[in-house]
Every structure is written in C-alpha cells, then in structure tokens.
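Colleague: I have not looked at this one before. Can you take me through it, a piece at a time?

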There are 4 protein chains.
Amino acid sequence: MWSLDQVALHNKPTDCWVIIKDHVYDVTDFLQEHPGGSKIILKYAGRDATTAYEPIHPPDALEKNLPSSKHLGPLSASAAQSVANDQHNRKKTKDELRVEQALLQRPPLVRIMNLADMEEVARKVLSHKAEAYYSSAADDHITVTENARAFSRFFFHPRVMRPVGKCDPSTTILGFKSSIPVFASGAALAKLGHPLGEVNISKGATTTGIIQMVSSNASASYAEIIQAAPPSQPLFFQLYKNADDAVAEKRIREVEQLGYKAIFLTVDAVIPGNREKDVKSPWVTEDLERGSPKVHVDGEVEGGDTVFGTAGALIAHDDRDLTWEKTIPWLRRMTRLPIVIKGVQCVEDAVLAAEAGVDGILLSNHGGRQLEYSLPPIEVLYRLRKQRPDVFDKLEVYIDGGVQRGTDVLKALCLGATAVGLGRPFLYAQSAYGEAGVVKIVQILEREILTGMRGLGAASVKDLKPEMVERVDWEPLPRAKL
Amino acid sequence: MWSLDQVALHNKPTDCWVIIKDHVYDVTDFLQEHPGGSKIILKYAGRDATTAYEPIHPPDALEKNLPSSKHLGPLSASAAQSVANDQHNRKKTKDELRVEQALLQRPPLVRIMNLADMEEVARKVLSHKAEAYYSSAADDHITVTENARAFSRFFFHPRVMRPVGKCDPSTTILGFKSSIPVFASGAALAKLGHPLGEVNISKGATTTGIIQMVSSNASASYAEIIQAAPPSQPLFFQLYKNADDAVAEKRIREVEQLGYKAIFLTVDAVIPGNREKDVKSPWVTEDLERGSPKVHVDGEVEGGDTVFGTAGALIAHDDRDLTWEKTIPWLRRMTRLPIVIKGVQCVEDAVLAAEAGVDGILLSNHGGRQLEYSLPPIEVLYRLRKQRPDVFDKLEVYIDGGVQRGTDVLKALCLGATAVGLGRPFLYAQSAYGEAGVVKIVQILEREILTGMRGLGAASVKDLKPEMVERVDWEPLPRAKL
Amino acid sequence: MWSLDQVALHNKPTDCWVIIKDHVYDVTDFLQEHPGGSKIILKYAGRDATTAYEPIHPPDALEKNLPSSKHLGPLSASAAQSVANDQHNRKKTKDELRVEQALLQRPPLVRIMNLADMEEVARKVLSHKAEAYYSSAADDHITVTENARAFSRFFFHPRVMRPVGKCDPSTTILGFKSSIPVFASGAALAKLGHPLGEVNISKGATTTGIIQMVSSNASASYAEIIQAAPPSQPLFFQLYKNADDAVAEKRIREVEQLGYKAIFLTVDAVIPGNREKDVKSPWVTEDLERGSPKVHVDGEVEGGDTVFGTAGALIAHDDRDLTWEKTIPWLRRMTRLPIVIKGVQCVEDAVLAAEAGVDGILLSNHGGRQLEYSLPPIEVLYRLRKQRPDVFDKLEVYIDGGVQRGTDVLKALCLGATAVGLGRPFLYAQSAYGEAGVVKIVQILEREILTGMRGLGAASVKDLKPEMVERVDWEPLPRAKL
Amino acid sequence: MWSLDQVALHNKPTDCWVIIKDHVYDVTDFLQEHPGGSKIILKYAGRDATTAYEPIHPPDALEKNLPSSKHLGPLSASAAQSVANDQHNRKKTKDELRVEQALLQRPPLVRIMNLADMEEVARKVLSHKAEAYYSSAADDHITVTENARAFSRFFFHPRVMRPVGKCDPSTTILGFKSSIPVFASGAALAKLGHPLGEVNISKGATTTGIIQMVSSNASASYAEIIQAAPPSQPLFFQLYKNADDAVAEKRIREVEQLGYKAIFLTVDAVIPGNREKDVKSPWVTEDLERGSPKVHVDGEVEGGDTVFGTAGALIAHDDRDLTWEKTIPWLRRMTRLPIVIKGVQCVEDAVLAAEAGVDGILLSNHGGRQLEYSLPPIEVLYRLRKQRPDVFDKLEVYIDGGVQRGTDVLKALCLGATAVGLGRPFLYAQSAYGEAGVVKIVQILEREILTGMRGLGAASVKDLKPEMVERVDWEPLPRAKL
C-alpha cells in the first residue's frame, strides 16, 4: 500500500517506478527493453501513467513482460483517490475538447450509407494521435492511395438473363464458414479509437457471421478478444514472429490453446515503415496546445535518433530474418493450425509459398504502410491470375488493402480470391460507433455484395469468373462526393 | 360523400383510409403490397395524400391496383374545400421556395445552346427529391460519369472534299422513320419534374419526328402518353416484367392494344441499384427544414431495413429470374411486336441475343444506375464491333448512357449503332421548359448531328464508317465551361 | 449631300439606307444576301453603322458587294459633323471602359517572355466580342485544347556532343525562304483586335522574315495587306471557295494579280462550326450592360433560327460540295500558283492529296473551331509519318493548331513537317501591341527554336529526324504558371 | 589607399572602377568580357559592388580573371568605414525583410522528415533571386516536373522471407567508397542560398560519407571546397569546358592538382536554357519594391537583347562544339582522372559513350533546366536497360534529376544505376540549415534507403535487380500533403 510521495522518490532512469491502474511497478530494469523506448516511460517516472498506458497495451502486458517481483502492489486508498482526483481535474487538451464535440455531432447510424461515410465520422471522433496512427502510411501515401484506386481500373462484363432471385454470398475460408467473402484483417491498437477496442470487432463479427483475424499487437488481450465470442465463432491469429524463437513459440502456444483457428504469419512488416504522419503526430498536438509552431534555434543539438513512431515500437523485437527454408518448417513444427503467409507482394513469392506447402497467402502490402510503391494487391492478384493460374489450385488466395465497396470484393473474387480482408474500415467503424459500427459495415458490405452479384448474374460466389472483369486502359475519375 | 372527420377515424395500420384527389380509398389490405412500403402510406393515414401521391403514380394506378370495393367514393364538397384550403395555406418548405425562385430565373430558351445548358437549368428548378432521383446513380457515380467520359476517348478521322451541301441525318429504327438517329430512352417518373411528365416528351417527339420509348414506370398512364401523339407517331414500350407472368401479360396486352410498336425488355434492372443520393434525399430536405443535421444518440434503436429509395419501390415486384431459355420464348408467345433486349452489357450476351433471334439490343447499363463498374456502352459497342462484327447483321444495335452531343451520336453510328437513346436529358428538358424543352434539345441534337456529319464528309448516316473513329490512348481534359 | 433627316426616312426592310464613313448606301436589295443576316443591318436602318461595320469588313467590301448605283454619295458636312459628335458623346459601354483600363495596364513588351504571356495580355485588352471570336472553338473546346496538349506527349531524344555553335533555323516553304520554319496561318478579322488588323501581321512578318498566309475573310483588303510589305516579301492566300465558281474565280484572279504566291484551299470549314462562345458573346455584353441576366417568360415565342455566330456569316456563301475530282482540276485551270490543301485531317486524305498532285497539305482542324474530336494535327502527322512516309516525298506537309513553343515546332519538323503555322497567336500579338507584338512573338519563337535545335544537337533543320521524338505513353502535367 | 571620392570619378563605360571587399578594381577593359554583361557592372561604376558580387563569384574570381595591374589596392580606412556604415544603414528591401522573418520561423531540424520538408523551408528562407535561380527550369517546367513524376510510374515487386536484419546500403563510385548510393550532383552558386555555400556540402558530405561533385560554376573556390574536407575524402569535378582549350586545360590542371578525383564533362548545357523564372526574377523584386507592376508606354524602345538570366552568364564562354571525335581524346590527353559524360539523354549516346571508352555516364537533362521535353533520366535508364543492357558492363551509369526519396534511388539501382545524384536538394538543404541541413538530408536518404532495401528483401545493393521494378501503365496520384 503505497503513498504518492513514496512512489515519487523513484523518478529517475536508475530507479524508476510508475503507477498503472492504482498499482505500482518497478520498471527500472525494463526501461531498456521497452519497445517504445525509455523516454516515454521516464516522462511518467514516479507518477501515474495509466492514461498513456491503457490504449496501447493489452491488460496482460505487465503480467507477460514484467517479472512478478517488480509488481510492487497497490496504492493506498487515499493515494488512489488522489490520482483519480488529479485525473478528474486535469485540464483537457484542445484535441480532447474537439473529440468531445465531434462525438456529440455524429450522425445517426442509419445515415451511414457506405464505408466512406463511416470513415468520415471516425476521422472526426478520433484523437489526433489515433487518427494519425490509423491513417498513416509509408512515405507520401502513394501506395495506400493506389491500393484503393487500383480497383477502379477493373470494370465488369455483367451477364444478364440469369436467375438471381436467390443469391448466396457466403463462402468458406480455410474450411470455416463466412457469411460473405470478407474478413476483418489484422490491425493493431483498436483501443486507440474506442475503449473496448478489438472486442468490438470480435462481437460484431460474431453477430454478422464473418471471421476476425487478431493482430499480435492487439490492444486487448488475445483471451479477452476470443472470449467475447462464442466457442463456435472462428478467429484467426496474425503472428508477428519474435526474433527469439522461444518467445514466438510461447505466443503460438497461447493462441492455439485459446482456440484460434489459423496462423497468418506477417512477412510484410519485419521492420517499421516510414510513417511520417504517425511520427509527426506528437508535434501537431504540441503545437496545437502551444498555439504556435516550435521554431529552430541555431546551434540546437539534435538527437540523431531514428524515429519510427508507434509502429516501430510495436515490432521492435520482431524477426527480421524470416526465410522460406527455416521459418515455415519451424512454424509447421510449432502448430497444426493452418498457416497463411500474410504479405506476399509479387507473383514469384506466391509461387514459392505454394511450393512451401502453406495453406494460403494474403496478398497485402500492409495497407500501404510499409514499402512505398509496392504494387497494389489487386494488381498482384491480376498478374498471378494471368501468369500462374495454377497457384490458385494449390492454396487459398486472399487480398487486403484499399477495399471500400462490395464491387471491390467481387473483382477480387472474379480473379480467384477466396476472400478479401479489410483492416482500417473495422478500426474506423468501432471507433465511430463501437460494436454497432462493426455490424453496420458488414451489413453494408453484404448488401453491396448481393447487389453486385445479382448485377453480374451470379447466384453464388462460384459463379464469379475471371472473364467477368476487364482491366481497362483508362483511369476513371475519383468517386463523386454526393 | 365523406367528411374529413369520418376519414380521420381510419388512421392505423389495421384500418387505413386515405384521400386522393377528393376521393376516399381504403388501403388497409394494400399496405403490405405497396412497392414503396407501408410506412410512407401510413404517414397519411386518415388524411389527404394527394401531393405525395401524384408525381409518382400514373392516374390509373388506383384503378389498376385497388379493387373497386375499396374505392369508397368522394369527399363532401365542404371537406374537399377544406382540403383545398389546407393545401393553399400550407407553409411552403425551404426547398419549394427555392424552386419558385429558380423558375423565375430561368434563361430564355433561345439561350440554351446545348444539353449541358439544359441540364443546368433543370437541376436548379427541380425539387431536391426529383433532382436526386433523376441524377442519382450506383454507388460512387463512377459508371454514370464514365459512360459520358468514354465518348471522349473516340476521335474522328474526318474526310474532306466530299459533297455535303445536301445532308440527311434521318434513319429508321425497327422500320420506323426517325428524323435523326436518336430516341427518347425509357425513364420513369417524369412528373417529378413537371406536372405533365411523359406527355411533354410524347408531344415534343412528335413535333420533331423522333421516337419515344415509354417506361413501365411512367408517372403518366400508358394511354395518356400515346394519346397525346397522333396515331401515325410510333412509340416503343419499355417492359419491366412482373414476376407474375399473368400480371406481365396483362401489361403487354394493354400496351399492344394502345398501339405501342415495340417491346424493350429491361434486363439491366431486375433488382434495385444502390443509389445513395436518392436514398439520402429525404434526410437532406429534413435537415434543411430543421436548420441543422440530425445527430446520433447512443442506444438509439436502428431499423435493420435495407434501403433502396424510389427506384427500389418501382421494381419491387419485378421478375429476378429472367433467362434466355424461358423469357424470350414466353415473350414471343405474348406478342408479335418487335422485341429488343434493353441492358446488354457485354459481347457474350450480345451474341446470345442474336442467337435468341430478337430484333434488337440496347447496350445500356441503365445510365450507370445499377451495377457500378459496368463497362460504358460505347466501350461495349466498340468491343462488339471489333470482336463480333457479324452481330450487327443479325439485329439492330442501339446504345444509351452518357450521350450529350451530336458527336457522341455519330461515334456510335460509325461503330455500327442504328440509333442512340437519351434518358436523363429528356427528363431534364421537360422539367425545365415542358414540351418546348423537349423540342429544343432535339433541335440542338439535329443541328449538332448535321454539323458533325458534314465535318466528317458524310451526306447520310450510311456514310458513317468504323474507320472514321479511332479510340485514342489518352484521356482528353473535361469540357471547358465557357 | 445628304442630311441625317433624309437618311432617317429609309429605315425599314423595304427601304433601308445606312451611313458608313460619312457616305450613304441603299442596302435594301442587299439585305437578303448579307452573310451575317438582315437583322444586324436593320438595327442601323436610317442611321450611322460605321462602328459596327468597320472591324469586320475590309474597306473594299462595299465596292465589291454593292452595285455603284446603290452608293448614294456623301453626307453633308453638318450631317457628318453631327455623326462625329454623336460618336464622340456616346456613352461608353462597360466593356469598352474595361478595355481602356486594360490597355493602360499592359506590361512592357520586354516582359513578354513567351506566347502565353502575349495571349494573357491580349485577352485582357480585347473587347468581349473579339476575345470570344478569337478564342471560341467547336462545342466544348475539347479539340482546341487537345491540339495543344497533344504536343506534350512527344518527348525528345536529344543528341549531345554535336557542334551547334553555328545553328541555322531557316528553311524554305514552297521554295520561298523563311527565317524560321514558321508561318502566320490564315485567320480572319484581325481588325476586331486592332485598328490596323492584318496589316500588322504583314509588316511584322516582313521585319522578321517569315511568311503570312492571308485569309479570304481578312478584315483588311487583300491589296492593303500585300502592299504593306515590299514586293520581295512573299504572301500566301487562304482561299475560301465561293459556291459560285465565277465569284471564286474573280477572287483568285484578284490575289494572283496582287502578287500572292500560293493558294491554300480551305477544306476544313465548308460549313460553320458550332462555336458557342462566339454565339453567346452578344448576350454576355447585353447582360453586362443590363446588370442582370435576361430571364425566360413563359409563352415567349422563340425564333427557330439556327445560330452560327460570326464565323457562320463569313462562310455563308462558300462551296459545300468540294471534291477531289472536280475542285482540284478546276483550281489548276484557274491558276499556276502552287496549291496547298488546308484542312487535311487523316492519313487517307493526305494520300489522296498526294495522288491529286497538289504542292502541299496543311494538316489542320481549323484550330479546333470546326469538328469537335477531329484528331490533333500533330497526331495526324505522327500517323502519317508511321503509316505513309512516302507522302512526305511527294508534297510539303505543314501543320497548324495548338503551337505555343519552339519545341512544338521542332517536334513537327522532326516528324517531317516543312513548317508550322500559327493562327491565334498572331491575332493576339497584334491585338496586344500591334506590329511590335507580331515582331516580338517571331523573335521569341526564333530564340526558342534555336535553343531547342542546339539542345537537340541539330545545326540546321535538316538535322531534325523522326528518331529524335518519342510519343510517350503518359500524360505530362500542364505547364506550370510561374 | 583610395578615398570614395576618388573612386567615384571612374563611373562610366570608358572608365569604370568598382570597390569589392574594400579593394578597388579597374574593370574598364573587362566590361566586354564579363559573362553576365556590362550592364550589371556599370550599375556599380564608381561605387561599392560587394553585396552583388559576393554570392555569385568565388573569392578567387578577381585573381583569375583580372590582370594584377587592374587591382588598384585598398580603400583608405575612413573610406572602408564609410562603405561599412552605408551598408549598415542601408534600408532593407521588402524581400530582405521577408527572408529575415522566415529565418526566425524555421522549424527545428528534427522536424524535417523528408526532402520535401527541407525544400519547403528553403524556399521560404531564400531571397527571391536565389529561389528563382535554384528552382527555375526550361520553358514551362514540364521537364523538371516530369523528371520527378517519372519515378512514380515504377512500382516494386518486393520479395519477402529474405534475411534483412543486416543490411548494407554502401557502394563504390568509380572505385571510391560511398556510404549510400547517392552523390551530390554539381550545382552552381550555393552562396546565393547561404554564405558558406558549397563548403557546407563539402563538410556535410564528409560527415556522412558520400561524395560531392563540384561545379565549375561554384561560388566558392575549388580550393576552399576541397580543403574543407580531409584528404581522404574524394571529390569529383564537374567540368564546363571553355571554348578556349587553353583556358579549359588550366582549369583541369588546377583541380587535378587540388586533388579532385574525377572529371564529369558537362554536355547537356553548352548553351543557356530558357529559364524564364530566373530571367523574370529582377522584375518581380522591382515590382515588389515599387508596390505596383511596371506598365507599357507606347513607343517605348525595347532592347533587342536576348535574355538568358544567371545561367546564361555562367556559361557564356563555354564550348558549343564538343564532339566525340575531338573532345574525348583531348580530355584523355589532359588528364588521367576517370572521365564521366554528364548529360547523356538517349540510348544512342549512351552507346557512343561506351564506344568512346569513358568511365561512366550520368543520364541527366540538367534537372530539366535545358531542353524542355528531354526524356526523364529514369525513363532513359529504363530504355537503356531494355535495349542495351550490355552498356552497363562497359561503364558505370548514374542518373540525376527529380530524386526525392530513397525509393527513387532504389528504382534506379534496380535498373542498373551505380548511384544517383541529387542537385537542388543539396542547395536547398544548405540554404535552410547550412552544413547541418546537408547532413540531415543524407541521414534521411540513408534511413529511407535502408527501409526500402529491407522492404524489398535486399541485404546489399547487389541484391537490387531489374525484375524488382515494373513500369506500370497508369499514373499514380501526386504525393499527399500530410
């Protein structure tokens, strides 16, 4: 039972305690291991760090990462009260005030007609930090933009005079039923946008009959997320493999035990991408508070530190030396779950994946967040279909990145994809309206997919054929803002 | 002879009367069948519904759809007067006031130089609901925009030193003479834009010697429309086939008897498209009246209803299971009129239509209102010309969608089209200036077609050849606003 | 010697006199023949018409078109004085006041760096009518815009390490020396922009050593124009052939006698193009004076007249039935001057021209003023080079349309053109600064051509080769406004 | 020891003295030789010219160009004081005041995330003249813009599952080690942007381990620049060859003696380009001071002088008659240093260079500053790779122009380039923050290159392969402004 004064004594790099949710922790030894760097912890040395900690760490993070000897026990009641009072009396930042207003002005959910409407609401109600983390992408945002634009170069050859009164958009993914050929692709830090975070997606996916892929970097614990759904509901796990095989194995054992149904090994983000919007985010909020931009003073000593923002911290300990020869056999030894390679970005690697005998590949450039000018996934899919159609017989192929409409999904299916993942749209939906937002966008996609299938003359997903899409040689104008 | 008080007693779902044009109707049993849903009728339960009813129902709709036992007879004179007074004293909405001003500010008709000028006027004088219904298209309006843009990729190889002093732009469509190779394509609900609706088009087409195709969903009755023209004037009928063959047969018999000269079977709109602008339209006018947008309240219970707007209502009972094998032979048994398939969207189906022995095909994606990313009709025509030129010898080929200029018409004719349909331009023209507007746009098109033919060195439509157009590999800038 | 009162009596269609430059003319019989229509003359019936007459008629127009019996003689001195007073006291229009200000604010000529700078000044100092007539083009100005844009798809393969210290940009056109491979292409009504009109061009061309092609529709007389230059200066004549061969012959005899050196037969403008900006021009100035736009009154009776603006009037009597078989032999019989066909727009007609044995062809779509979507001349030239390189051995090939920079000229020369014509730039230059403006743009072009030739490694025009240009498959961004 | 009054007597073309850094010079005879023209010197005749002189002349310019007899000796102390007072009391121009403010408002260097951020700062802190000189390019800035845009048409085929934990971006250029495959390309007049000019680049390059190519037209002396770096640091010399072989030889001897390690012979700028922004620059600052634009007065006599701005002056005496046959052998005789041809712009000349036996070629269109519509270097490189891959075995290939990101560098390396040059970015960086700015952009590029190599699955530059880039057939949208 600690007092605030006692904690406050431990406020330096060589002796650093912090308070999180009314408990005291000695993080002195951990400072150097913290993926986000020691600086951000030292900002709270000897003080309460809960507000900064919560949205980006799952509840079991302390348990998993800090030896129990460093869990120093609870604050005294009066200290806890004092922390609560401070939190309550704290002056809100300009960004927090803005968010409060934006939440009050959200339109009724029934007025959300499409995923762009949902994103528009979400971008307004998100904190600047969250909005920057979610929307940021590599370098100049060329790739993230082109991922979406690429779909617009594929037009349909719709078939008429085919019976579509009954139309079934369902499919199976790795043998698991999905109400529509869509899944929630792995995306980290959902709590940045909503207190319930990934659990919103888990519940919404259950309600609508689709499958969620859970990121290693989820801000809810893997247990929380899967336990929010009934046992019958399948979930997939997106593995960021730790450089330390033992740590990685532990993670796999955990999720297998929890009941996750497949492993999506992430290969498109072994190092942090250059996400400038994310890195710049603290400066923006600083300047906003200050009321004017910070200026340069000649002679100023600049830290030579490289800066990789939130994303960099998340994957700081990941394995940068994955190989086909070593990593796949290792993973096969670890688990009997189906294995999917997430992040294949060219035809050659799709072929290697098929040769390696994995169960599926997810064509993805990580939502344009990693290597700028990585070819858009729908373009990779198109090349794969044309150059190596045999690959589709050997494993399941998925894509993610830039999907906004039911027609985008159908284009991918025509070209041979089994299903299509969406990442940011689920983050935005849960940020804007929680679980109801998640349900809403799946309903929207289902309606759009049904409309599209009927318009194409397809009564089931197996009626969707490559000859129904044509890659045109012109560039349509961007969507009209109605 | 009913009093308003008597009618007012029947104001619930289980007992619902409404007043339309001073007559009382019991619509209790009809509520469930109403294609537009029961909600919109119940809004007027026990009250006068005329203003909402008139612009979207033909005058014979009650007769055709409500058993005569439910026609309860007229209002008393004082009740009718009271309804009239209410209507007269009713406070106008902001949108109505805007429209009144816009009507006063229309430019003189002589200043309408082209179809874009006409559309500009119409968009100003239309109610928001009408403008939204007319201009709305699928999803993000990509297809509607690309339909028009596609023409701009076709350039001419004009021929010089050919005698064009005498130049005849006339042609025949299904054997019927047309002053120019243009027809009014089927388009619903003309009364939303002008009290006389489709009759304006009928009269204007007669004056200018072109042919009108009348929609099953016209807001004037099929009889009214054809009777506004002399017996010598041919009209075509655009059939939306009811799922119930008997109902469909009745409709065909009616129009055949009235003297319509051909059946255009609609195959590109068996289900409603996703027309968001149309669906959103009531919210826009609501918010305009309210002066601020409606906001979300947490816990709000949202209806799970799918929303398909005006268009959805119009085709709610249509046949979604049309097939080449079943529907064409059935239609041939029903009628000896020429049959055209409206809504062919790819080369394969054009070939099937030719094999099915129909008289014509209208390459159309329903003005971009149905399946987003359906290839623009001029592009389908171009592919048909290149891949299957034989089809042009077996049936007549028409296109519609995106036509704005005489040069657009000529490009289609060079590629083998017999004639070109326009839909929205006729709705806009009659909305802006009634019948005179219709006449004006045909005159404009005739002038533009004549100028174009002479510029191409063509003295008659048969001089227009495929080698006169080249599909270029660049994208011209959009039209200059002069 | 007429008084104003006497003239004023003749103010009706059946008896119509007008005053022009203090002389009285009876134009009653001429009303029906006037290419610009009777309406515009009747506006001045019984009154002075000089201001409207002068900028669009050459001084010898009355002499050529009105029998001498209708030349009724001069006004009395007091009447002439009265006309002058009226003119002097006349309230200036808003457009005239705007032009006066704009003239005062012209930048010094030394600051005109390029043809776009010159056009910018000209567009400001021109009356609305003149600006509309000069800049107007067919339909939506697609073609006029694409004419210029097309050049930007041609990039250079510059050669280095070639001696370019001495560099000669001169060439010959039909055997006549030209200081640079550029000529002033025929363009009508230069007086709309400057009182001296085409004479400015004639003098400027002489000063700079290039050749002027004079339009049949020049606003200065053919004699004035050629006599402004020394006998050694060659001029070409752009023939609009009258439908009446005798009238056409008279025109040819006149210019041959005056010393014009070649006949450019216009075949791309046998009928008026649809130039909406030109047609709308009077309404714009009307509304400007009125202070508000004119509005439509229901029931208004609209004239059914087709409207073809200034251009329509100029060519009302021209021959619409030119043919290779008839017209070329006729022209050869009429004259021994070299014959060039102006307005060839496709490869097929270039071949026909070569077979017809003419001396040259000018690939031109009339500056985009006639048939919208006529292929840009540089594109036609490119196709001609690829498909029929033999044509370049049989006649000289020129292009005009969209030329703005020395590099544009060089691209055409690389592809085989002998020289390049510019139309509007000369109109703009003389409008902005008179003869000095004409000299200036030739100096600019010469400097740009020299810079370009040296950059390409070409010491003379014969070093410019097809392999030095590549038609790229992308679309450069438009020019930066510096 | 001169007084100001004495100097002031010599203030005319026939007797012209100027003061520079408190010394007096007789420049009468030199007036005609001055590459920038006599006019600019005469502006300071009899007066102090230091401020205008310093940023565009290396300190040894007077020594090299003016016989010692014309060095008339120092000012008297009181005269020097008076000049200093005048300079101190001088009223600052509006442009100078703007720059002062801009310098105070620079963001901290740590906030500069990329080269575009750096350019943005620089453009604000540069004088208008400097900004115009640095950013100006030929004609309409098409080429400079397309140089950069061209990179965006090259997308990656990234390889996954390759070990990239260790990743080495270093390479060698002409045998000299470079920490990353990037060098500072020759660019003149760095002192226009910062008092230390090229020395900033020399020092920054040393710190970061890259190589600087020094322009013949540097504003610091060749000695100053190389002596700012340690002897172990290699520097290259960009030779503008004087038309006079003896002068050229002297220059080569000088730099060889100073220790420069290679000669880059400039062949893409033998004459000045048409850089309008540079030429217009004085007018812009004049008008800014005046507060209104200068206007034209009719009759004004305009100088017929051609205008070539700053760039024109710099190369006025250069050799315009370079040839493969003559110049390369001459240069081989002059020096044993490696020879690189800077400014090859097409495949044919790359082949000729290989045949001429030079050590390297720099594909460059002089940053778009010379011939408008010269193909972008990355496009030339792409064609060279496809058409003549053998050339890469015979010499080293570099490109410069439009490079902004690490991915740009990697695209060039995949296609076979040894290294990539940047010109303007170094000028901007040193203008904004001096040497620290130079270091910063190299650090940024290194980080981006490392991120890109790892994203591509490349652990060293030799893992970058042609099959990793695809030239796509669409045009990505421009970079998002985050």
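**Strands in chain C, then the chain contacts**

Modeller: Strand β9 (residues 182-184) of chain C pairs with β10(C) in the parallel sense, over two bridges. Two strands pair if DSSP finds at least two bridges between them. Helices (H or I, at least four residues) and strands (E, at least two) are DSSP runs, numbered from the N terminus. This is a predicted model, in which local features need pLDDT of at least 70, side-chain atom pairs count only at pLDDT 80 or more, and totals for chains, interfaces and linings use all residues. Residues are numbered from 1 along each chain as its sequence is written, and chains are lettered from A and ligands numbered from 1 in the order in which they are written.

Colleague: Which residue is the bridge partner of C:Phe183 in β10(C)?

Modeller: That is C:Ile211. From β9(C) the chain crosses through helix α10 (residues 198-208) of chain C to β10(C), in a right-handed β-α-β crossover. Right-handed here means that, with the strands pointing away from the viewer, the path from the first strand over the helix to the second runs clockwise.

Colleague: How many bridges join β10(C) to strand β11 of chain C?

Modeller: Four, and β10(C) and β11(C) (residues 235-239) run parallel. C:Met213 has C:Phe236 as its bridge partner in β11(C). With helix α11 (residues 222-227) of chain C, these two strands make a right-handed β-α-β unit.

Colleague: Are the residues of β10(C) buried or exposed?

Modeller: Buried, on both sides: C:Ile211, C:Met213 and C:Ser215 point one way, and C:Gln212 and C:Val214 the other. Buried means that 20 or more other C-beta atoms, placed from the backbone, lie within 10 Å of the residue's own. Five of the five residues of β10(C) (residues 211-215) are buried, so the strand is largely enclosed by the rest of the structure.

Colleague: Switching to the chains, how many residues of chain A are in contact with chain D?

Modeller: 45 residues of chain A, against 40 of chain D. Contact means C-beta atoms, placed from the backbone, within 7 Å. The largest share of chain A's side, five residues, comes from α13(A).

Key. Contact = placed C-beta atoms within 7 Å. Buried ≥ 20, exposed ≤ 12 C-beta atoms within 10 Å, placed from the backbone.
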